[in-house]
Amino acid sequence: MGTLVKTFLWFAVANLIIIIQDAFAHQIKCIESGRFYRNPKTEADLLWSSDECSRYYLCLDGEVFNFQCSSGLVFDVDKQICEAKDKVNNCDKVTESSSSKTTSSEQSDQCELKNQIKCSNNKTCIPNDYICDGSQDCPDGSDEAQCDPNKDPKGASLCDPSKCLLPNCFCSKNGTEIPGHFHPNDVPQMVLITFEDSINDDNIDYFSSLFAGKYVNPNNCPIAATFFVSHQYTNYFFTQRLWNHGHEIAVHSVTHRLPEEWWSENATVEDWFDEMVGQANILNKFSNIRLSEIEGLRVPFLRIGWNRQYLMMKEFGFQYDSSIVAPYTYVPLWPYTMDFKMPHKCLWQMVINQLEALDISCATLDSCPSELSGQEIYQTLMRNFNRHYSTNKAPFGIHLQASWFENSEYLAAFQQFLDNILSKPDVWFVTNSQAIDWMQNPTPLKKLLKFRPWDCRKRLKRPQEIACQVPNTCHLVSRALKEEIELQTCNECPKRYPWVKNEFGID
């Protein structure tokens with residue numbers, strides 16, 4: 001599926017989509033045959049994707065009308081009906097009477113001239129970027145035939161530091177080297193607190209107590225966290241206030257759907273757009289957060305979607321993902337870009353270094369053994385922090401869900417931990433985006449008090465970006481969830497509870 005199609009499928013409101021589709025129909029050549037036909041232009045371009053094969057047209061009195069088969073079906077131009085993909089082999093035909101205009105040899109030559117790849121049927125050419133993108137664009141499906149994580153024709157090469165240069169690329173052969181080749185004594189110990197899931201009445205008091213201004217960085221700015229927000233039950237008024245106070249708001253999907261395996265095994269590129277770009281649109285619409293400041297995402301259950309996920313991220317403009325869990329090592333890994341051994345340029349991976357608790361490795365604090373006492377939690381946090389602090393000072397990530405604080409001993413242990421490490425002059429609590437800012441421009445400790453990305457000077461905000469005093473409380477019906485859900489926002493209430501493919505709640 002091409003960039004233009006993706007753009008209006010996921011970023012335009014519903015009525016604008018209709019206008020664009022109607023305008024597209026007017027661009028199709030009229031064939032006065034009285035029968036349905038395909039787009040003649042596409043035949044010349046030698047591209048017959050499943051999406052294009054599902055579209056068909058009819059010209060009456062010089063006016064072209066466009067149609068599209070239901071999801072999963074393509075149009076059989078000979079039978080003049082929509083059929084299952086495996087039953088249609090004439091996607092390269094415009095009309096019933098037309099035939100392929102080129103031989104296999106000519107087709108191959110034309111593929112090379114267009115710098116495209118030939119499908120296994122020797123008839124169809126597709127762009128290189130369509131290989132392993134999660135959508136079958138070859139009629140025979142050969143473009144998606146060998147796309148598992150271990151055997152990927154688009155897989156990146158091993159790290160080459162001579163070619164991977166800051167600010168847009170960073171890698172090291174063992175993953176432990178410090179950006180800028182700094183000595184650890186010149187490096188700040190960054191601590192990254194990240195929360196997942198919805199923001200609402202159940203957890204806002206915890207966030208208010210932790211980030212009320214008691215805990216500050218060496219430059220006297222309040223510590224900040226990154227919130228990966230999922231949609232269901234989120235209070236967008238609270239979310240807007242957190243953003244106003246300097247926290248980073250990132251994406252954690254619209255539905256957070258089950259089963260866990262769906263994200264890594266079944267979600268298509270379209271699904272990734274619906275879930276992640278859809279949630280970015282919801283945050284922008286109902287919390288007034290600038291799309292340009294929604295830079296990262298974390299996949300539910302840490303089930304990454306490989307090329308399909310990263311193609312979506314690259315297309316939308318996400319800067320980083322924070323879903324990959326590294327195996328436990330004594331010397332932790334620094335974040336890296338995904339130019340090498342991970343596809344797609346200029347995407348950062350905020351890698352999750354596992355914690356060690358009671359000889360067990362856990363990716364998130366709330367997934368560590370639940371029988372730990374408050375004192376054992378404090379000792380676990382200090383032991384893992386010191387592993388970073390005493391080696392290469394890779395950012396120390398504390399990843400959790402706010403419900404973990406329901407255990408009052410755990411909340412007290414966490415606050416004791418904050419008090420302890422913030423007494424050190426080289427410890428900074430920053431957001432994921434701020435950590436990337438430092439890595440792109442490594443700055444020694446002695447200059448950090450003037451490091452602009454980490455100060456807390458008020459950024460100029462438009463009036464609607466400042467959270468209101470009293471939000472609108474919207475009681476909305478959700479067709480997908482089959483229940484009424486409350487949504488709070490400083491903006492006008494939508495007509496329906498927002499969801500995938502209807503992120504603005506229009507209908």
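**Entry 1: ground rules**

Helices (H or I, at least four residues) and strands (E, at least two) are DSSP runs, numbered from the N terminus. I am looking at a predicted model, where local features need pLDDT of at least 70 and side-chain atom pairs count only at pLDDT 80 or more, while totals for chains, interfaces and linings use all residues. Residues are numbered from 1 along each chain as its sequence is written, and side-chain values use heavy atoms, with hydrogens and water left out.

**Entry 2: the overall picture**

I looked up the secondary structure and found 13 helices and 21 strands. The protein has 507 residues, and 54% of them count as buried (buried is under 20% relative accessible area, exposed is over 50%, and partly exposed is in between, with a 1.4 Å probe and protein chains only). Then I turned to contacts, meaning heavy atoms within 4.5 Å. Among contacts with a separation of 6 or more, 62% are between residues 24 or more positions apart.

**Entry 3: two asparagines with positive phi**

Which residue lies in the loop between α9 and β10? I found N288 there, with β10 covering 296-297. N288 has a positive phi of about 60°, although it is not a glycine. N288 is buried, because its relative accessible area is 12%.

Next I checked N220, which sits in the loop between α6 (204-210) and β8 (226-229). Its phi is near 70°, again a positive value in a residue other than glycine. Is N220 buried or exposed? N220 has 61% relative accessibility, so it counts as exposed.

**Entry 4: cis peptide bonds**

I noted a cis peptide bond between L166 and P167, with omega about 15°. P167 belongs to the loop between β6 (125-127) and β7 (189-196). Another cis peptide bond joins L258 to P259, with omega about 0°. P259 is in the loop between β9 (248-251) and α8 (261-266).

**Entry 5: a hairpin**

Strand β1 (residues 55-60) is largely enclosed by the rest of the structure, because 5 of its 6 residues are buried. I traced its pairing to β2 (residues 63-68): the two run antiparallel and are joined by 6 bridges (strands pair if DSSP finds at least two bridges between them). R55 stands opposite Q68 in β2. The hairpin has 2 residues between its strands, and D61 takes a positive phi near 55° in it.

I looked at α7 (residues 236-244) and α9 (residues 269-287), which pack at an angle of about 85° with their axes 9 Å apart. α7 is therefore roughly perpendicular to α9 (the range for that word is 65 to 115 degrees). α7 brings Y236, T239 and Q240 to the contact, and α9 brings Q279, I282, L283, F286 and S287. I sorted these residues into 4 nonpolar, 4 polar and no charged (nonpolar covers Ala, Val, Leu, Ile, Met, Phe, Trp, Tyr, Cys and Pro; charged covers Asp, Glu, Lys and Arg; the others, Gly among them, are polar).

**Entry 6: the cores**

A nonpolar core is a set of buried Ala, Val, Leu, Ile, Met, Phe, Trp, Tyr and Cys residues joined through side-chain atoms within 4.5 Å. The largest one here has 86 residues, and F195, F227, F318, F414 and F417 touch the most other members. Which element gives this core its largest share? I found that α9 does, with 9 residues.

I followed F414 and, leaving aside neighbours within four places in sequence, found it in contact with I193, L210, L365, L381, I398, W404 and F405. A second, separate core has 21 residues, including L192, F228, W348 and A435.

Methods. Axes are lines fitted to C-alpha atoms, for helices over the stretch in contact, and angles run from 0 to 180 degrees between N-to-C directions. Angles under 35 degrees count as roughly parallel, over 145 as roughly antiparallel, 65 to 115 as roughly perpendicular and the rest as oblique.
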